[in-house]
Amino acid sequence: MLEISSPLRLRLSHDALISNWRWLAAQGDGALCGAAIKANGYGLGAREVMLRLAGAGCRHFFVATWAEAAALLPLPAGCELSVLHGLGPDDIVPAATIPARPVLASLEQIQRWTLMGAGRPCDIMVDTGMNRLGLRVEQLAQGAADGLNIVNCLSHLSSADEDLDISAAQLSAFQAVKQQLKAQRYSLANSAGLCLGADYQFDLMRPGIALYGGIVHPHMVGNIRQVAVPEARVLQLRTVPAGEAVGYGCTWTAPHETRVAVVNLGYADGYLRCHAGNGSGMLNGHGVNSIGRVSMDLLAFDVSDAGHVAEGDWISLSYDLPDQAEKTGLSQYELLTTLGQRFLRSWE
Ligand SMILES: *Cc1c(COP(=O)(O)O)cnc(C)c1O
């Protein structure tokens with residue numbers, strides 16, 4: 001096999017991932033702590049994330065689709081997997097084959113599931129005010145879920161990181177659901193939700209973003225660690241004379257002679273154009289800033305003050321999620337899930 005080294009890598013910290021899961025789990029007043037690993041583990045690599053978290057004791061995993069579930073097989077011993085998008089018209093065969101449970105979210109899905117054979121264990125999603133996926137509370141009252149063998153009864157908070165009144169209303173709606181619908185476990189809280197107190201935690205918590213370094217509640221500051229650091233290699237060094245421009249649109253002009261490093265990173269890698277002007281990183285122990293526009297596969301840095309720089313050196317990009325979200329206008333979720341396939345994901 002031809003060995004081709006990658007000029008772009010995503011350094012991933014096993015210790016930070018595990019430490020984040022343990023901290024989140026420890027917030028639970030008796031509740032189990034699972035993990036949302038949809039969207040390829042928020043871009044980090046779902047299978048790697050699952051195996052590492054399973055090693056730390058996590059047993060309950062959530063993906064969006066059946067294709068995501070299939071990519072995780074075989075599951076580690078004792079682990080359960082739930083498919084959040086439930087059972088669509090084309091999902092019958094995967095649902096019959098893959099050892100995962102659909103999170104049934106509509107009358108149509110329940111009917112499909114029932115036709116596949118009564119009594120098989122499933123999960124269910126109840127809408128308590130978000131109007132995204134889920135059965136309406138009135139439908140439950142009319143017996144929509146009667147006869148189902150429900151393992152996890154879920155609902156999802158629309159505003160856990162923004163609005164306490166809305167969350168409180170969803171909490172009381174979910175408490176009412178718990179009174180009328182029998183399930184092995186009840187589960188409401190995502191990352192931000194599980195920080196809202198023991199009332200929100202029920203039997204099973206489902207954090208996603210905070211596992212991967214997202215800070216979505218003040219309690220997480222200083223407790224949740226950065227997991228992912230993108231690094232890109234210097235492809236070419238050049239000296240740009242004063243008055244000359246760099247990059248598409250000539251948006252940056254050298255105020256004085258400038259040493260410029262062009263690195264192997266661009267918007268096709270998920271380093272979107274909104275980073276232009278704010279992009280920064282570390283090169284051989286020196287802070288460096290990006291200049292000009294982000295190209296599809298390239299980005300320039302001013303390395304005048306970075307000491308001796310050589311072709312092949314690595315720039316480690318600033319990727320503290322709350323900080324970059326503030327600077328770019330992207331959400332912390334977008335910052336991770338857009339990271340492209342050209343990154344070699346490298347766990348350490
Ligand atoms: C994505 C998702 C989660 C995890 O949410 P975070 O905000 O990333 O913690 C939990 N539950 C459901 C239903 C989700 O779709």
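Reader: Asparagine 264, buried or exposed?

Author: Asparagine 264 is buried, with a relative accessible area of 18%. This is a predicted model, so that is a computed value.

Reader: Why does 18% count as buried?

Author: Because buried means under 20% relative accessible area, and asparagine 264 comes in at 18%.

Reader: Where is asparagine 264 found?

Author: In a loop. Asparagine 264 falls between β15 (258-263) and β16 (280-283).

Reader: How far is asparagine 264 from leucine 8, in sequence and in space?

Author: In sequence, 256 residues separate the two. In space, their C-alpha atoms are 6.6 Å apart.

Reader: And arginine 9, what is it part of?

Author: Strand β1, which covers residues 8-12. Arginine 9 has its own pairing to report: aspartate 269 is 260 residues away in sequence, yet the C-alpha atoms are 10 Å apart.

Reader: What does arginine 9 count as for accessibility, and why?

Author: Partly exposed. Its relative accessibility is 24%, and partly exposed is the range between the 20% limit for buried and the 50% limit for exposed.

Reader: Which side chains have an N or O atom by the ligand?

Author: Histidine 156, for one: an N or O atom of its side chain is 3.4 Å from a ligand nitrogen. Asparagine 190 is another, with a side-chain N or O atom 3.3 Å from a ligand oxygen.

Reader: What about arginine 206?

Author: A polar atom in the side chain of arginine 206 lies 2.9 Å from a nitrogen of the ligand.

Reader: How much of the ligand does the protein bury?

Author: The protein buries 93% of the 390 Å² that the ligand exposes when taken alone.

Reader: Back to tyrosine 42. What is its phi?

Author: Positive, about 50 degrees, although tyrosine 42 is not a glycine. Tyrosine 42 lies in helix α2, residues 38-42.

Reader: Tyrosine 42, buried or exposed?

Author: Buried, because its relative accessibility is 6% and the cut-off is under 20%.

Reader: What about cysteine 250?

Author: Cysteine 250 also has a positive phi of about 50 degrees, and it is not a glycine. Cysteine 250 lies in the loop between β13 (245-246) and β14 (252-253).

Reader: And cysteine 250, buried or exposed?

Author: Exposed. Cysteine 250 has a relative accessible area of 52%, and exposed means over 50%.

Reader: Peptide bonds next. What is the bond from leucine 73 to proline 74?

Author: That bond is cis, and omega is near -5 degrees. Proline 74 is found in the loop between α4 (66-70) and β5 (80-83).

Reader: Last topic, the whole protein. How many helices and strands?

Author: The protein has 11 helices and 20 strands. Its C-alpha atoms fill a box of roughly 75 × 50 × 35 Å along the principal axes.

Reader: What share of the residues is buried?

Author: Of the 348 residues in the protein, 51% are buried. Asparagine 264 is one of the buried ones, at 18%, and so is tyrosine 42, at 6%.

Technical notes
Residues numbered from 1 in each chain as written. Predicted model: local features only at pLDDT ≥ 70, side-chain atom pairs only at ≥ 80, totals over all residues. Heavy atoms only, no water. Polar contact = N/O pair within 3.5 Å; in protein donor to acceptor, adjacent residues only side chain to side chain. Areas by Shrake-Rupley, 256 points an atom, 1.4 Å probe, with all protein chains shown as cover. Helix = DSSP H or I, 4+ residues; strand = E, 2+ residues; numbered from the N terminus. Buried < 20%, exposed > 50% of the residue type's maximum accessible area, 1.4 Å probe, protein only.
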